Amino acid sequence: MTTANLQPHFHQEMLRIYDEASTFGYRPTYFRRMVNDHGGVQAARILLGKDAPSYGFEKLWEERRLDLSVEALVLREPWRALFTLDELREAYRRLDGSDYDPGEPP
């Protein structure tokens, strides 16, 4: 599957993060709006490009649900192909220091 074909599927996975977080009472409305406005891949790039993890990352850490973070999502196959090595390294760096096993470094 090409990266162009992966993008709509990744977008749906980003929306799934919102739905799953809602099941335990966290509704990241800013995140959902960003995904709808920019698309899933671009929203992930915006979040990974910030100097610090987002409020949502911190909230998911508090809930022990970093598996739902954008950082965790971009490190999974097949989504890794959509991101640069620098973006993958940033996702890994954030997760590695947060009691979450991000797997093998990019």
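Let me start with Arg93 and Glu90, whose side chains meet in a salt bridge with an N to O distance of 2.5 Å; please keep in mind throughout that this is a predicted model. Both residues lie in helix α6, which covers residues 85-96, and they sit 3 residues apart, about one turn of the helix. As for accessibility, Glu90 is buried, because its relative accessible area of 17% falls under the 20% cut-off, whereas Arg93, with a relative accessible area of 47%, is partly exposed.

Now, which parts of the chain does the pair of Arg65 and Glu20 link? The side chains of these two residues meet in a salt bridge at 3.7 Å, N to O, and the pair links distant parts of the chain, with Arg65 in the loop between α4 (55-62) and α5 (70-74) and Glu20 in helix α1 (residues 3-22), 45 residues apart. Here both partners count as partly exposed, Arg65 having a relative accessible area of 23% and Glu20 a relative accessibility of 28%.

A further pair to look at is Arg80 with Glu77, which form a salt bridge whose closest N and O atoms are 3.8 Å apart. Glu77 counts as exposed, because its relative accessibility is 60% and the cut-off for that class is over 50%.

How values were computed: Residues are numbered from 1 along each chain as its sequence is written. This is a predicted model: local features need pLDDT of at least 70, side-chain atom pairs count only at pLDDT 80 or more; totals for chains, interfaces and linings use all residues. Side-chain values use heavy atoms; hydrogens and water are left out. A salt bridge is a side-chain nitrogen of Lys or Arg within 4 Å of a carboxyl oxygen of Asp or Glu. Helices (H or I, at least four residues) and strands (E, at least two) are DSSP runs, numbered from the N terminus. Buried means under 20% relative accessible area, exposed over 50%, partly exposed in between (1.4 Å probe, protein chains only).
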